[in-house]
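Subject: Structure for your review

Dear colleague,

Please find below the structure I promised to pass on to you.

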Amino acid sequence: MLLNFSRSFLSLSLPIVILMGIFLVPHGVGYRFSIGHVDIPRLIVLALIAYWFVGVLRGFFKSKMIILEPGTKPIGMLVMLILMSAISSSNPVASTILAGQLCLLWFVFALAYVSVFDHVEDGRSLNATLIMIFVILFLFALFEVVSQKYLVPHNYRTSFWGIAGYEWISSRVLYRSDTILAQGPFLWNHALSGLCAAGSGVVIYAMEKGKN
């Protein structure tokens with residue numbers, strides 16, 4: 001009985017923890033490799049993709065066929081076009097690495113998340129989670145604008161410190177018209193402002209969808 005309760009609790013709470021970990025944990029808490037930076041939000045994304053991919057392989061070896069989610073083929077074609085444009089660019093190595101990272105984040109993670117948790121999601125918990133996330137992000141920005149100080153310290157928001165030429169990123173405070181530019185858990189203020197703006201639409205949609 002305890003095992004069944006633990007499984008049901010984990011299946012309900014894990015999707016919430018994953019989304020909150022990606023959006024609310026400071027981007028920068030991690031390790032910088034020569035080909036890219038792996039912090040906690042990226043590690044969560046990669047772990048879910050790896051878990052989904054292993055499940056796809058197990059299903060293929062059992063049934064000898066791959067069952068694709070609706071809409072997977074056009075998304076796959078879009079990913080191929082993005083990768084082809086990177087390979088044919090003037091700097092194919094760096095461009096392909098960046099394109100691969102963005103495709104994993106934009107397309108593969110979304111597909112993996114839906115495939116893994118679609119059977120336990122009724123939409124309500126997802127809507128509630130998104131509303132909670134964007135309200136917290138809005139409060140992040142509001143606090144920083146009102147208090148005129150960053151809520152998340154610089155050394156937690158970036159791992160550039162110690163790399164030649166990037167020391168200034170960890171020590172600077174961004175101002176415009178004598179007002180601090182809110183950053184919240186993210187390195188760039190554009191990320192927080194973009195998520196707050198897009199999140200307003202998501203919150204309105206989630207609230208409207210929940211009405212009878």
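The notes below treat a pocket, a helix and a salt bridge in turn. Please keep in mind that this is a predicted model.

The second largest pocket holds about 740 Å³ of space. Its lining is made up of 26 residues, and those closest to the centre are Trp-52, Val-56, Ile-67, Leu-111 and Ser-115. By type, the lining residues comprise 17 nonpolar, 8 polar and 1 charged. Helices H2 (40–63), H3 (72–87) and H4 (92–117) each contribute at least two residues to this lining. The largest share comes from H2, with 8 residues.

Helix H4 deserves a separate look. Its 26 residues should span 38 Å at 1.5 Å a residue, and the C-alpha atoms at its ends lie 35 Å apart, which agrees. H4 also has a kink of about 40°, centred on Leu-104. Several residues of H4 are buried, among them Ala-99, Cys-103, Phe-107 and Phe-109. Further along H4, the buried residues include Ala-112, Tyr-113, Val-116 and Phe-117.

Finally, how many salt bridges does the count give? The count comes to 1 salt bridge. In this salt bridge the side chains of Asp-39 and Arg-42 meet, with 2.9 Å from N to O. Asp-39 has a relative accessibility of 2%, so this residue counts as buried, under the cut-off of 20%. Arg-42, by contrast, is partly exposed, because its relative accessible area is 40%, which lies between the limits of 20% and 50%.

Yours sincerely,
A colleague

Conventions:
Residues numbered from 1 in each chain as written. Predicted model: local features only at pLDDT ≥ 70, side-chain atom pairs only at ≥ 80, totals over all residues. Heavy atoms only, no water. 1 Å grid on protein atoms, 1.4 Å probe; cavity = no way out; pocket = protein on both sides within 12 Å on 5 of 7 lines; lining within 4 Å. Points joined across faces, edges and corners; volume = space filled by probe spheres on them. Helix = DSSP H or I, 4+ residues; strand = E, 2+ residues; numbered from the N terminus. Nonpolar A, V, L, I, M, F, W, Y, C, P; charged D, E, K, R; others polar. Salt bridge = Lys/Arg side-chain N within 4 Å of Asp/Glu carboxyl O. Buried < 20%, exposed > 50% of the residue type's maximum accessible area, 1.4 Å probe, protein only. Expected span 1.5 Å × (residues − 1). Bend = angle between axes of the 7 residues up to and from the residue.
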